[in-house]
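Q: I would like a close look at one chain of this model, followed by the places in its partner that bear on the picture. Please take the chain as a whole and then go down to single residues.

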Amino acid sequence: MVARLLLRSAVRAAVTRRASPAVALTRGMAAGGIPTDEEQATGLEKKIMNAMKAGSDPFNMLKPKEYAGSKSDPHLVPSITNKRIVGCVCEEDNTAVVWFWLHEGEAQRCPSCGSHYKLVPHELPH
Amino acid sequence: MAHQAHAYHMVDPSPWPLTGAIAALLMTSGLAVWFHFHSTTLMTLGLILLLLTMHQWWRDIIREGTFQGHHTPPVQKGLRYGMILFITSEVFFFLGFFWAFYHSSLAPTPELGGCWPPTGITPLDPFEVPLLNTAVLLASGVTVTWTHHSIMEGERKQAIQSLTLTILLGLYFTALQAMEYYEAPFTIADGVYGSTFFVATGFHGLHVIIGSTFLAVCLLRQIQYHFTSEHHFGFEAAAWYWHFVDVVWLFLYVSIYWWGS
């Protein structure tokens, strides 16, 4: 179905006479004939592409943001429910990770190094 | 659509791994039946099942990736690792045959006349068809790179033309090798020279055929607009495989055809 739609627009693009032969770098199909992700991505891939463009990371693909971990700048932990497991690597290169459940509400502190963590609930991406 | 909080692909249940395993069973036992009871039925059945499995499994992957959008960046990364690991395993496969060749050729036994090529063997002239074959594969490496750049730059016509040319060069190599095999003055039964020559070059030829098929599938997909200028991993995997086939040939040429003559 998608292929037929693209074929139709490709035929139209091939047939229309353009006033100036300016290369449209954004519209892949109109220019060289190979679609871009912008035009053709679908499903989860498209959703992720759009979210990344908007600067959000709903699927936790990127490294978590760096925070100071203090009371005024706690580590913000996104969650789709009201709790999430946190693994704190208190100091760089520590091999023993401190695991604990982080609950919704007031910030909690790592039982080992005392850094602050705060749960930030959001909607399941759909 | 995506009721998941992660970017990975939880694949739907599929019968193809089972049919693939059954095909492997039928092919191997069929091979034994052929050797002992002169019947090729079981093996042929296994081969048909294998072809059906490959067609349907890879068709499903194309549906999941291109048509349903399941191949997100982390999924694509996994596919890349997978292809690299597979090609690495193939490198080790060929390494074994090169080991066999060097084992036999570096210290030729008295039975061979204490020399390499062994007494009585007239090796192929490395500067005739084998050199042409080298040029053909190197050229195909250039054309496949041209295809890649064409895809990335959105040039549909050039991508199709250069990919077609790559496949034609691959077919030309296969045809030339087939002719060489037919015309060769020695056979696989001619001692360890024949064994190492035909097993190593034979498996290489099989890989050329596999690589050409993979590229041909990419050509069909490219014609049907599956690839985008940013996302075309199927093609990249085919190109990596093709370059691997080319590199194996270069080693074969230098070791067996040239040094070994």
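What percentage of the contacts in chain B with a separation of 6 or more comes from residues 24 or more positions apart?

A: Residues 24 or more positions apart supply 74% of those contacts in chain B, where contact means heavy atoms within 4.5 Å. The model is a predicted one, in which local features need pLDDT of at least 70 and side-chain atom pairs count only at pLDDT 80 or more, while totals for chains, interfaces and linings use all residues. Residues are numbered from 1 along each chain as its sequence is written, chains are lettered from A and ligands numbered from 1 in the order in which they are written, and side-chain values use heavy atoms, with hydrogens and water left out.

Chain B holds 7 helices and 0 strands, and its pattern along the sequence reads α-α-α-α-α-α-α; helices are DSSP runs of H or I with at least four residues, strands are runs of E with at least two, and both are numbered from the N terminus. Its C-alpha atoms fill a box of roughly 70 × 45 × 30 Å along the principal axes. Of its 261 residues, 44% count as buried, a term for under 20% relative accessible area, with exposed for over 50% and partly exposed in between (1.4 Å probe, protein chains only). The chain exposes about 13,900 Å², of which carbon and sulfur atoms supply 73%, the areas coming from the Shrake-Rupley method with a 1.4 Å probe and, for residues, with only the protein chains shown as cover.

The charges of chain B comprise 7 positive and 15 negative side chains, and the centres of these two sets lie 18 Å apart. Lys and Arg count as positive and Asp and Glu as negative, without His and the chain ends, and each charge is placed at NZ of Lys, CZ of Arg, CG of Asp or CD of Glu.

Glu90(B) sits in helix α3, residues 73-106 of chain B, and is buried without a salt bridge, the nearest side chain of opposite charge being Arg80(B) at 18 Å; a salt bridge would require a side-chain nitrogen of Lys or Arg within 4 Å of a carboxyl oxygen of Asp or Glu. Leaving aside residues up to four places away in sequence, Glu90(B) touches His207(B), Tyr241(B) and Phe244(B).

Pro117(B) belongs to the loop between α3 and α4 (129-152) of chain B.

Elsewhere in chain A, Asp93(A) has a phi near 75°, a positive value in a residue other than glycine. Asp93(A) is in the loop between β2 and β3 (98-103) of chain A, and at 67% relative accessibility it counts as exposed.
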